[in-house]
Each structure stands twice: as C-alpha cells, then as structure tokens.
Amino acid sequence: MKKEFYKMLKFPSRDTKNGVLTMYEYVQNKGVEKLPFQPKRILTMQGMKNDDTRGGHTHHETNQILFCLQGSCSVDLDNGSEKTSVALSAANEGVLLLPYVWHVMHSFSDDAILLVIADTEYDEKDYIRSYDDFMKFVAEKKPW
C-alpha cells in the first residue's frame, strides 16, 4: 500500500452577515476539520510576482499546512519517487505537507497571500535546501 505524502484539508468556513469566518483550530483527538498538530510557527507570504517561486526545500521533521488566503498559486510536491501539483485558491482549503516532501510554490496571482502553519519552531538544521541532496537522502533512507 502506497503511503500518502500530502493531504488536502478542508476547514469550516461560514458566511456571516458581515464577512466570511474560517476557523483553523487545534483540538486533540477531534474530527477531520481540525489542525492535525499543535502550531508552533505561523508565517505569511505576500507580494510575490507570477513568475516567482517560493519553497524549493524539504524538512526532516516539520509538518506544515499551506493555505492561499487570497488569490491563488500552485504547489509542486515531490517525495523522491512521485510528483504531483495542487492548486490553492480557497482560504479554507490547505495542503498538509509531511517531512521529506520537496515543495515549490509558483504561479502566484498578483494578490496571493499564503499562510503557513508549522508544528516546529524554525531550525535551519531541519531543512534540506538542495534538490540533489534531497534525492540522495530519499534514495538512501527511503522515508516513503
């Protein structure tokens, strides 16, 4: 059986009389519409141009969820043997990235705002920033 290397998550969103409310909540052992981990780091990205790329790395430990709060973008995912691409364009839908998933965000709309929620604090040692090193690592360690 093939192990998932990413997962699309959908969070509850409600249109109220004065705007749309989307809830990103962490509650242990509760349903699908919750964050699957306790957040330790939250960051946003904005001001990207259509031909910019972000990401271009993977992590040893970090799980993270990418959301496009406004606008849209594409995310290329690669576990060393399989590749796919997902489109993000809804504030209540994100992609859960597991460790050892090389990811590149691109094709940003002019108004794109990305939200990243991670389960670890920043640690440069957690990153693999060279695609060649990533491919060597997955060939040797076979994390998938």
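Trainee: In this predicted model, are tyrosine 100 and phenylalanine 137 buried or exposed?

Mentor: Both tyrosine 100 and phenylalanine 137 are buried.

Trainee: Why is tyrosine 100 called buried?

Mentor: The relative accessibility of tyrosine 100 is 14%, and a residue counts as buried when that value is under 20%, so tyrosine 100 belongs in the buried class.

Trainee: What makes the pair of tyrosine 100 and phenylalanine 137 a stacked one?

Mentor: Two quantities have to be considered, because a pair of aromatic rings is described by the distance of the centres and the angle of the planes. For tyrosine 100 and phenylalanine 137 the centres are 4.6 Å apart and the planes are at 20°; since pairing asks for centres within 6.5 Å and stacking for planes under 30 degrees apart, the two rings form a pair and the pair is stacked. The structure holds nine aromatic pairs, of which this is one.

Trainee: Why can this pair be said to tie together parts that are apart in sequence?

Mentor: Tyrosine 100 lies in the loop between β9 (93-97) and β10 (102-106), whereas phenylalanine 137 belongs to helix α1 (residues 131-141), so the contact links parts that are 37 residues apart in sequence.

Trainee: What is noted about the backbone of tyrosine 100?

Mentor: Phi of tyrosine 100 is near 65°, which is a positive value in a residue other than glycine. Serine 107 also has a positive phi, near 55°, and is likewise a residue other than glycine; serine 107 is found in the loop between β10 and β11 (113-118).

Trainee: How do you know that serine 107 is partly exposed?

Mentor: Serine 107 has a relative accessible area of 34%, and because buried means under 20% and exposed means over 50%, serine 107 falls in between and is called partly exposed.

Trainee: What makes β5 and β10 count as paired strands?

Mentor: At least two bridges are needed for pairing, and three bridges join strand β5 (residues 54-59) to β10, the two running antiparallel. Within this pairing, histidine 57 has histidine 103 of β10 as its bridge partner. Strand β5 is also joined to strand β12 (residues 127-128), by two bridges and again antiparallel, and there histidine 59 stands opposite tyrosine 127.

Trainee: How do you know that arginine 129 lies over the face of tyrosine 127?

Mentor: Arginine 129 is at 4.0 Å from the ring centre of tyrosine 127, and the distance criterion is within 6 Å, with a further condition of within 35 degrees of the ring normal; arginine 129 is accordingly listed as lying over that face.

Definitions and conventions: Residues are numbered from 1 along each chain as its sequence is written. This is a predicted model: local features need pLDDT of at least 70, side-chain atom pairs count only at pLDDT 80 or more; totals for chains, interfaces and linings use all residues. Side-chain values use heavy atoms; hydrogens and water are left out. Rings of Phe, Tyr and Trp (its six-membered ring) pair if their centres lie within 6.5 Å; planes under 30 degrees apart count as stacked, over 60 as edge-to-face and the rest as tilted. Helices (H or I, at least four residues) and strands (E, at least two) are DSSP runs, numbered from the N terminus. Buried means under 20% relative accessible area, exposed over 50%, partly exposed in between (1.4 Å probe, protein chains only).
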